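Subject: Structure for your review

Dear colleague,

I am handing over the structure that we talked about, and my notes on what was found in it follow below. Please read them with the model open beside you.

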Amino acid sequence: MSPFRQPPLKIFAAAAFCTAATTSASAAGFDAAVDQFFNDYLGWFASLIFTSVPVGDASFPLIAGWLLIAALVFTLYFGFIQLRAFKLSTDIVRGRYDNPNANHDGEVSHFAALATALSGTVGLGNIAGVGAALAIGGPGATFWMIIVGLLGMASKFTECTLGVKYRTVLPSGVVSGGPMYYLSRGLAERGMGGLGKVLAVGFAIMTILGALGGGNMFQGNQANAMLVQTFGLADGYGWVTGIVLAGFVFSVIIGGMPSISTVTSKLVPLMAVLYVAMSITVLVVEADQIGAAFSAIWNGAFSAEGVAGGFIGALIQGLKRATFSNEAGVGSAAIAHSAVKTNEPVTEGLVSLLEPFIDTVVICTMTALVITIAGLNTGPYPHAEGLTGVQLTAASFQTAYDWFRYPLALAVLMFAISTMISWSYYGLKAWTYLFGEGKTNELIYKLMFCFFVVVGCSIGFSAVIDFSDAAIFAMSIFNIIGLYFLMPVVKAELHKFMAKVKSGEYKRYS
């Protein structure tokens, strides 16, 4: 039974009416009014979540430390599972252990679940976020980004194993899972039902807020900005981009997880191949600079002279980018992985640990190499020309070929769309957890989500995005508290599964 008895029809209607009314007013006036409201009444929340402490000449965000410590704990507790089981993970996602005659609960394959989760993490952070990290932390930030990405693989393994173990399968075959379910059910099994319910409800609320903001409006806003910049479009027509994107997103999410996974399983490889191909092209053109780039990354990781905050600054920027990019410990990916077709929770935990590797170790590192070779981030930091974020990344790609701005714009658009699709699903599962399963509740959420796609493309407000970003990282507070209590459950599942692999009971078919 859902924590709230009545579906939020009145809440949705009021929100839709107010937002629709304001969009007819001056966009600039609306932006300012909304920003002022969030800054005055909710700014404290973003400030609290992103509280930083001074470390040398740099500032260290405590939430990044919270995620890093968890990743380190899980890595040690599970005996470096990300290294020990890497090959097994790739074999599972490639379908080599799939029994063609099996009829497991679930909606999608291992690969489709991985693609859906990846589409939520491989996004603008890989382009703009890495550019910001290197503009401030220099090339050395890349080294620490890779290290933290490797550690984060253990966090993904932990949360996604639990996501499958405690999921709910409805009579229709639709699956609902994720932290909301393993926090409430898992902790109830251990005699902490009250705490579990509080953590689950808190997580669900933060997920909805994060889905509408960082997973929706921010993505649409940045995609529209990239299109305007690349093709020289006139300002003020973001609503057109918004309507087109909203129509596409709605056509995908209306079909549920099977439809979402079908699109993401095609879109994710396509956008990854496009982006990596562009990166490799730059590296080939500048092949004589690759050695120097790696030297700059290695030396900068431990010395980082001239970088804001020095060595500590490089470490902090790498840590922030890795934790903020792959979302290991946030709990979002466990929602997508819960829909997999399997009766062995650990199999999906193993598949999920590939996410931080692909997202951070491969794609973010590619971006960092292109920026380092281009040399546009050379100190003083930030660069005197003011290049940072997506501008720095775009300019770095264009040093090889100016026309790269067009495929890069396409990549940004695909990243934004894929992120919106995945986060719509995350928000939906949090919504139905709070307000109950049912077609009416689902339709209300999907229409609301698509409405905010148009809003995000049409207007710009920083305080709202700051708040929604804070909500996404607040998810990790609720999630990781539960993960610490449920680690023994995952270890027991892991021991049982590895014994089956060793004995041959878990059979390989190809």
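Leaving aside its neighbours within four places in sequence, Met 414 is in contact (heavy atoms within 4.5 Å) with Leu 267, Leu 270, Met 271 and Leu 274. Met 414 lies in helix 19, residues 405-435, where helices (H or I, at least four residues) and strands (E, at least two) are DSSP runs numbered from the N terminus. With a relative accessibility of 9%, Met 414 counts as buried; buried means under 20% relative accessible area, exposed over 50%, and partly exposed in between, with a 1.4 Å probe and protein chains only. Met 414 and Ala 223 are 191 residues apart in sequence, yet their C-alpha atoms are 8.7 Å apart in space.

Before going further, please note that this is a predicted model, in which local features need pLDDT of at least 70 and side-chain atom pairs count only at pLDDT 80 or more, while totals for chains, interfaces and linings use all residues. Residues are numbered from 1 along each chain as its sequence is written, and side-chain values use heavy atoms, with hydrogens and water left out.

As for the whole protein, there are 21 helices and four strands, and 57% of the 510 residues count as buried. Among contacts between residues at least 6 apart in sequence, 86% join residues at least 24 apart.

His 337, found in helix 15 (residues 332-337), is buried, with a relative accessible area of 0%. The side chain of His 337 makes polar contacts (N or O atoms within 3.5 Å, where within protein one must be able to donate a hydrogen and the other to accept it, and residues adjacent in sequence count only if both atoms are side-chain atoms) with the side chain of Glu 348 at 2.5 Å and with that of Glu 355 at 2.3 Å. Beyond four places in sequence, the residues in contact with His 337 also include Ala 113, Leu 114, Cys 160 and Val 164.

A search of the whole structure finds nine salt bridges, each being a side-chain nitrogen of Lys or Arg within 4 Å of a carboxyl oxygen of Asp or Glu. In one of them, the side chains of Glu 344 and Lys 500 meet at 2.7 Å, N to O. This pair links distant parts of the chain, since Glu 344 sits in the loop between helix 15 and helix 16 (345-352) and Lys 500 in helix 21 (residues 462-503), 156 residues apart. Glu 344 is buried, at 11% relative accessible area, whereas Lys 500 is partly exposed, at 24%.

Glu 442 forms a salt bridge with Lys 446, with the closest N and O atoms 3.8 Å apart. Because the two residues are four apart in helix 20 (residues 439-458), Glu 442 and Lys 446 are separated by about one helical turn, and both are buried.

The side chains of Arg 96 and Asp 91 also meet in a salt bridge, at 3.8 Å, N to O. Arg 96 is partly exposed, at 23% relative accessible area, while Asp 91 is buried, at 4%. Lys 87, Asp 91, Arg 96 and Arg 508 are linked in a network of salt bridges.
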